[in-house]
Amino acid sequence: MDIYLDANATTPVLPQARAAAIAAMSDDFGNPSSVHGTGLKARALMDAVRARAHRVLGVTHGQLLFLSGATEGIQTAVLSALTALRSRREGGEALPGLLLYGATEHKAVPEALRHWNTLLGLHLDVLAVPVDGSGRHDLAWLRERAGNAGLVCTMAANNETGVISDLDGIQDALSDSPALWLVDGVQALGKLPLRLNERRIDYAPFSGHKLYAPKGIGLLYVRDGAPITPLLAGGGQEGALRSGTENMPGIAALGAVLEQLEEGGTFKTSATLEAYRERLTEALTEAFPGIVFNAEPAMTLPTTLNFSVPGVPSSVLLDLFDAASIRVSGGSACGASKARPSDVLVAMGLAPWRSASAVRLSFGPATDMALIAAACERIRACGASLRDSCMTPDMQQHALPVDRITRYVVDGAVCYLVADPVSRRCVIIDPLPELTQPLTQWIRCRSHTLAAVLDTHGHGDHSSSAAALRSEVPEAFADGGDTDPLGWPLGLDDIRLGALRLTRLAIPGHTADSTAYVLDDGEGPQAVFVGDTVMPGALGRSDFPISAPLQFAPSLNALDRAVGRDTLLLPGHDYDSRYACTLNTEIPRQPLLAAALDGSMDALEFARAKAALERDLAPTEFQTMACGARVDRGGELAAVALTPGELDRRLEAGCAVVLVDVREPYEHRLGSPPALDRVARREAVALSALVNTIPQWLALGDDVELVFFCRSGNRSAQAARALRRLGLKRAWSLAGGVALWPARSDEQSPAAA
Ligand code: PLP
């Protein structure tokens with residue numbers, strides 16, 4: 001069962017609202033503008049809902065317009081206010097110079113301000129009212145500028161943090177201001193009285209779907225006397241203020257929700273909701289020791305919690321919660337490699353790690369205790385899973401199995417951890433400063449000895465964090481002996497990790513000190529950590545003062561002689577998520593490499609051609625220095641998506657299918673998708689450990705379909721593309737991920753239930 005805790009994004013539709021909407025589509029389907037009986041019934045319904053809305057919102061001196069939602073309400077209010085300002089300017093009046101909005105406002109507000117300000121040719125200054133660390137507006141700042149403001153927009157409660165604005169304080173700050181005042185009431189509806197009658201609020205938009213009505217219906221409050229300009233002109237509905245035939249199913253559904261608000265029974269009291277939040281807070285604190293809450297409970301809606309867990313990015317927490325079927329959302333939009341910090345938390349001045357790792361958990365006021373109790377139980381399971389994966393700072397005895405090679409990526413730069421679970425020895429290759437904390441945690445939690453921290457070369461785009469790591473975990477070092485500048489222990493020919501052996505090979509070129517580390521498990525080289533010398537689609541640039549361009553081609557030949565053309569090469573940078581390459585995958589794609597290896601270019605010609613390629617290299621998409629000229633940018637990205645239906649057809653046809661769950665171990669632990677109707681072999685190989693299994697997959701017969709899946713289809717698409725590039729033609733990604741997992745034929749669909 002899904003536990004939906006993302007009510008600030010949207011809510012399910014209340015059964016009474018659903019029934020009312022269906023009735024308005026089947027029996028009472030009339031157009032309220034029609035003058036016959038069917039139309040009159042619809043109008044009566046609409047009038048009754050509007051009257052109820054007036055009562056529930058306490059509005060006697062103003063109008064309530066039905067429209068599509070808050071975004072439209074915001075547009076209408078902003079257009080109205082700005083059109084009035086423009087008329088005043090046209091009448092020769094001097095206008096105030098500012099349009100103000102709270103720094104934590106929903107994007108719809110500042111975007112609407114900028115849009116209409118430009119479109120109407122006003123060109124006033126659009127400024128954000130700063131908020132303090134608790135998320136409340138800086139009233140002194142506002143008071144100082146209020147006299148010169150034409151419109152001020154402040155939300156009643158914030159959608160990310162639940163922080164409730166001090167509307168009386170804002171009103172006071174605006175006391176001598178000519179400004180119109182818009183209060184975004186979206187998150188307040190049903191949770192917080194706005195006292196629209198008593199306050200001088202001019203506009204207040206609301207969205208039905210944030211309170212158990214369907215999407216597509218909303219309300220806009222307009223104070224008597226506040227200017228109003230229609231956004232939509234046409235048939236003259238809503239007193240010609242919002243044309244277009246009314247959304248009667250939406251209005252009927254909203255009416256049913258308002259009825260529950262008015263009559264009581266369905267929605268819990270603030271005290272009950274606070275008690276629910278307290279239960280969730282306790283469960284979260286137990287599950288994630290060290291958790292910090294990003295807003296004061298006393299100042300927030302009782303239905304919203306926003307928190308961060310030190311050392312755990314929000315993308316990890318979201319994957320974790322989703323694996324446990326708890327639907328929450330990030331305080332931020334998550335990019336592929338780095339979470340984009342939440343603008344709201346940044347505006348509050350919270351430490352960057354807090355805004356980058358924030359998670360929002362929100363429930364609606366119709367929630368019951370059973371759901372909260374089930375959520376608490378699953379939250380505790382999420383905490384246990386994270387601890388067992390050594391992802392939180394508190395130690396854990398029952399850590400999950402250790403992979404031989406674990407890969408970490410930060411903005412395209414790759415770091416590897418090579419470990420042997422039997423001898424409990426490990427080596428870190430190309431450590432990155434951002435990883436000192438998780439790597440330290442990994443080593444301590446799994447009680448491993450650190451045999452070495454190696455760099456493949458002196459890096460140009462980032463500093464090695466080897467020294468920081470050594471000083472973080474001094475107790476983990478095998479011996480305190482001296483090392484060369486790249487971290488290799490002096491006097492050793494090889495580094496042993498149980499049965500694994502690491503040797504080094506000098507490959508000067510990218511830099512004069514470039515070194516490859518060859519991993520041998522007793523049956524020959526398994527993988528080579530080649531740094532930036534050979535990357536998927538590029539050779540490392542050799543135009544640095546510390547480069548050795550004339551030695552580049554001889555180094556490529558040395559690599560070829562030492563490990564051959566099919567050994568996996570693991571790069572120091574992987575901008576396009578290709579994971580690994582071999583000389584054989586690169587020769588057809590990289591003409592310079594081919595020329596160096598077939599001898600058609602000597603070292604000097606090679607160096608010259610390479611220099612020409614590297615002239616004026618642009619920075620990467622991560623705004624870091626490019627480590628090589630990419631000649632294969634993956635323009636021909638393979639179409640790897642397989643729909644659940646296509647998977648089913650392959651299984652039905654009797655194809656040999658291997659299904660690989662590439663989610664991380666902390667997600668696997670929380671449950672796998674259910675069995676399918678037809679048999680398929682299943683494996684679980686996290687994306688971070690993918691390189692370990694690549695050789696086995698490449699050895700699969702041509703008749704085997706390798707289908708990767710993950711939470712949403714993004715990670716599995718990476719895995720499938722990487723395998724395709726390495727030569728496996730039948731690598732696929734299950735489109736839509738676990739969310740669209742093919743239903744078993746004996747499972748009833750919700751529609752049929
Ligand atoms: N304002 C706030 C505070 C919101 O939370 C939202 C939706 O997330 C909106 C405005 C926009 O609402 P809608 O997308 O329903 O138009």
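In strand β23, select A538: the bridge partner of M535 is this residue. (Helices, H or I of at least four residues, and strands, E of at least two, are DSSP runs numbered from the N terminus.) A quick note before moving on: this is a predicted model, where local features need pLDDT of at least 70, side-chain atom pairs count only at pLDDT 80 or more, and totals for chains, interfaces and linings use all residues. Residues are numbered from 1 along each chain as its sequence is written, and side-chain values use heavy atoms, leaving out hydrogens and water.

Now show 538-540, which is β23: 2 bridges join this strand to β22, and the two run antiparallel.

Next, the rings. The whole structure holds 10 aromatic pairs (Phe, Tyr and Trp rings, the six-membered one for Trp, with centres within 6.5 Å; planes under 30 degrees apart are stacked, over 60 edge-to-face, the rest tilted). Pick W488 and Y517: they are stacked, 5.9 Å centre to centre with 5° between the planes. W488 sits in a loop and Y517 in strand β20, so the pair ties together parts 29 residues apart in sequence.

Last stop: select F288, F293, F307 and F321, which form one aromatic cluster.

Definitions and conventions: Pairing = 2+ DSSP bridges.
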